[in-house]
Amino acid sequence: MKVRAAGINPVDIMVRDGSLEDWFAGAQPPYVPGMDIAGTIDEVGEDVESTFGLAAGMGVTGVVDNFGSYGGYSEYVCLPASSVIPIPAGATFPAAASFLMNALTARTALDTLDLPPGAIVLVTGAAGAVGTCAVALGSNDHLNMLAVASSADETLLNSVGANRVIERGDDLVARILEVCTHGVDAVVDTAGLGGQIIPAVRSGGTVITLRPGYTDGFEREIKAVFVNVRERITDHAALSQLGKLTEEGVLPLRVAAVYPATEAAAAHRCVEEGGLRGRIILDFTAAGIGVF
């Protein structure tokens, strides 16, 4: 696959700043970031089943299980056919590189919860890339979605199906309990609030965390569960469904800015400064690029 665009996700920052040093132990540098990519198929392997519907020259988006020198910040990447879907109709390469990993993370969180319609789910960091996908997918699953975000993001979150937007900040738990007296059924904690949010969860509820190391039990039989999107990047049915929901307008495509891949360092600094609404995308359309 010839890479045309790559989204910058928090895990890419972790690859670069050494946070994944233990995981990369024994791997030979350079360590190449990049999990979200979009581009064109250069060649289809002889053993790829025709049911995937893939052909040379097709515009596609995919998720890369990056490790060591294998990552999406590359001119070409070889992916399993099950990790690739057609670009959503009408989407540009940068837009197509902005959503799939985030949406799959949100889908995995909701599938892990496996709650019945009508259950109440709180999403922290709801205006972020994963958070917005969680609100949209949960609403589409007929869950009651409470979104923690800035008041400036209320219009966006209402548009993707939030039942209520609760402004972040001091006394957050008290304001959640004003809305949901007995506590929410579950939390998708994209903001990493950790133990701070536990008092807002009903007894026996669940907190989904997106980073390892926060899975100890809590009082009132509340449990924390870490979800890892890498476990589902070959779940072609799930990826295809997310592409379909994007075409139907359930999942928004949100690009904050596009940088030439040669300016990846500046793009990473922009991500680290925070406050973004949408993903920063690297443009790989120029040939012969050296990123870092």
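Student: Which strands do the buried residues of helix 6 pack against?

Tutor: Happy to start there; this is a predicted model, where local features need pLDDT of at least 70, side-chain atom pairs count only at pLDDT 80 or more, and totals for chains, interfaces and linings use all residues. Residues are numbered from 1 along each chain as its sequence is written, and side-chain values use heavy atoms, with hydrogens and water left out. Helices (H or I, at least four residues) and strands (E, at least two) are DSSP runs numbered from the N terminus, and contact means heavy atoms within 4.5 Å. On that basis, the buried residues of helix 6 pack against strand 5 (120-124), strand 6 (144-149), strand 7 (164-167) and strand 8 (184-189).

Student: Which residues of helix 6 are buried, and why are they on the same side?

Tutor: Buried means under 20% relative accessible area, exposed means over 50%, and partly exposed is in between, with a 1.4 Å probe and protein chains only. In helix 6, residues 172-179, the buried ones are Leu172, Val173 and Ile176. The arc is that of the directions from the helix axis to the C-beta atoms. These residues lie on the same side of helix 6 because they cover an arc of only 95 degrees around the axis.

Student: What arc do the buried residues of helix 8 cover?

Tutor: Helix 8 spans residues 264-273, and its buried residues are Ala264, Ala267, His268, Cys270 and Val271. They sit on the same side of helix 8, since the arc around the axis is only 155 degrees.

Student: Which elements do those buried residues of helix 8 pack against?

Tutor: Just after helix 8 comes glycine 274, with a positive phi of about 80 degrees. As for the packing, the partners of the buried residues of helix 8 are helix 1 (10-17), strand 11 (255-260) and strand 12 (279-283).

Student: What is omega for the cis peptide bond that joins proline 29 and proline 30?

Tutor: Most peptide bonds are trans. Proline 30 is in the loop between helix 1 and strand 2 (36-40). For the cis bond that joins proline 29 and proline 30, omega is about 5 degrees.

Student: Is aspartate 153 buried or exposed, and which residues does it touch?

Tutor: Aspartate 153 is in the loop between strand 6 and helix 5 (154-159). At 8% relative accessibility, aspartate 153 counts as buried. Not counting residues up to four places away in sequence, aspartate 153 touches Ala127 and Arg277.

Student: Which residues does asparagine 140 touch?

Tutor: Asparagine 140 belongs to helix 4 and is partly exposed, with a relative accessible area of 36%. Leaving out residues up to four places away in sequence, asparagine 140 touches Leu245 and Val250.

Student: Why is the protein called as compact as a globular protein of that length, and what is its radius of gyration?

Tutor: The secondary structure comes to 8 helices and 12 strands. The radius of gyration is taken over C-alpha atoms, and the globule rule is 2.2 Å times the number of residues to the power 0.38. For 292 residues that rule gives 19 Å, and the protein is close to this value, so it is as compact as a globular protein of that length, its radius of gyration being 19 Å.

Student: What share of the contacts with a separation of 6 or more comes from residues 24 or more positions apart?

Tutor: For an overall picture, the C-alpha trace spans about 55 × 40 × 35 Å along its principal axes, and 51% of the 292 residues count as buried. Among the contacts with a separation of 6 or more, the share from residues 24 or more positions apart is 63%.
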